Amino acid sequence: MSALLDVRGLRKSFGTTEILRGIDFSVAARELVFIIGPSGSGKSTMLRCCNRLEEPTAGQVIVDGVDLMAPGIDINAMRRQIGMVFQAFNLYPHMTALGNVTLALRKVLGKSRDEAEAIGRAALDRVGLKEKAPSYPSELSGGQQQRVAIARALALEPKIMLFDEPTSALDPELVGAVLGVMRDLKASGMTMVVVSHEMRFARDAADRIVFMAEGQILEQGTPAEIFGNPQLPRTRDFVGELSR
Amino acid sequence: MTGLERFQDAFLKPELIARYWPDILSGVAVTLQIAVAVVITGLALGLVLAVIRSYRSRLANAPIIVFVDMFRALPPLVAILIVYFGLPNLGINISGFAVLWLVLSLVLAAFAEEIFWSGIVSVRKGQWEAARSTGLSHWQTMTSVILPQAIRICVPPLTNRTIAVTKNTALGTVIGVGEIMNEGTSAMSLSGNATPLMMAAVAYILIFVPVVALGSWIERRFAWKRA
């Protein structure tokens, strides 16, 4: 099976500090890959390079056979195939939940308002928030906001979804509903890359765990391998720290 | 004559009010025309410059910053005199009205650019990232996501600055534009009485108080609860 996302020799420097020091990593269709590692290891930067929100210093990012780094690439056309969910939700505060979900459908895909709203309502329904369509972000809980943000990405029918610490800004009692939506997505066959500290979820739902430290991938494997029998002392320490 | 009568005689003489109100009124018409023209072109140019600046091209930004700093530093009176007396030497003859409009538009644009720009940068970076990650272009993100949030933040300082700059239409008096101040001071010289000046003052208040009210109305209009 060919990779849906293929990252090759990815490097990223901020000034003289090298954050990513040569990442090779690929994700197959329908796979859920979890990226773990200590803070500052470059997990989020790596994820953000996958849709060029962060400009890689070197390397290739290939999504469904298209190199995002190729000169003359229509990055906006590629980005709508790559859904992204952020730690801070980043909903548009001046628009309703439905407005948030339909903006790109109308502006990017050129759908009519009626068509966009039908798709938008269906996307909100998928995250269990159909009745919140007319609510503004300020009227929603953090967990609901994050589910709207997932619906916003989902409405564009992306080929892959990137989650950047989607539950880190949530109160513990709100995490469950967001993870539930992610579980449903996984069941529906969505390809997902998740940066997160939700280790229980990683253990249950992930197909593969990638352990990063200091801008490199040190070890990867199934949850059973990484959590049960880590090969490197670094991984062992990190996983041990988490399960305490 | 009591003090009050003396004051009335010098500042609020009924027969002078009767004689000069048509002059003041024509001044009001001119002031309004210039003010409206300055507000439209000044704010529009300021917004355009701020949006251009958001593309962060060094080539475009250097001249914008030079322009903005220059017109914020320069007293409008100096700019008006230079343009009014300088342009004819270059073979360009434009009316005092046009000079006043041009200079005040540029001054307002300079301040407005800074205000719009500070509004744009105050919108959280995550808003850009969310919009761009769904495939919106820079321009689409700017118009649909960033500006609606930025402009709301900008309304109070913009209202203040707009009033401050449009009040400078009074400087038109030094280059012979028949606006309120010009009509008022001419009438004052002719009559040897300050009543026309008081009339001018009342006219300014009548023009600008509604502008202040409009500003706070827009502020309420643009309000939405923050996330």
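User: In this predicted model, buried means under 20% relative accessible area. Why is Cys154(B) called buried?

Analyst: The relative accessibility of Cys154(B) is 1%. The limit for buried is under 20%, and Cys154(B) therefore counts as buried.

User: What makes Cys49(A) buried?

Analyst: Its relative accessible area is 0%. Since buried requires a value under 20%, Cys49(A) is classed as buried.

User: How do you know that Cys49(A) is too far from the closest cysteine sulfur for a bond?

Analyst: The closest cysteine sulfur to that of Cys49(A) belongs to Cys50(A), at 7.1 Å. A disulfide needs the two sulfur atoms within 2.5 Å, so this pair is too far apart for a bond.

User: How many disulfides are counted over all chains?

Analyst: The count over all chains is zero.

User: Why is Asn90(A) called buried?

Analyst: Asn90(A) has a relative accessibility of 9%. Buried means under 20%, so Asn90(A) counts as buried. The residue lies in the loop between strand S6 (82–85) and helix H3 (97–107) of chain A. Most residues other than glycine have a negative phi.

User: What makes Glu157(A) exposed?

Analyst: Its relative accessibility is 67%. Exposed means over 50%, and Glu157(A) therefore counts as exposed.

User: Where is Glu157(A) placed in chain A, and what is its phi?

Analyst: Glu157(A) is in the loop between helix H5 (142–154) and strand S7 (160–164) of chain A. Phi of Glu157(A) is near 50°, which is positive in a residue other than glycine.

Methods. Residues are numbered from 1 along each chain as its sequence is written. Chains are lettered from A and ligands numbered from 1 in the order in which they are written. This is a predicted model: local features need pLDDT of at least 70, side-chain atom pairs count only at pLDDT 80 or more; totals for chains, interfaces and linings use all residues. Side-chain values use heavy atoms; hydrogens and water are left out. Helices (H or I, at least four residues) and strands (E, at least two) are DSSP runs, numbered from the N terminus. Buried means under 20% relative accessible area, exposed over 50%, partly exposed in between (1.4 Å probe, protein chains only).
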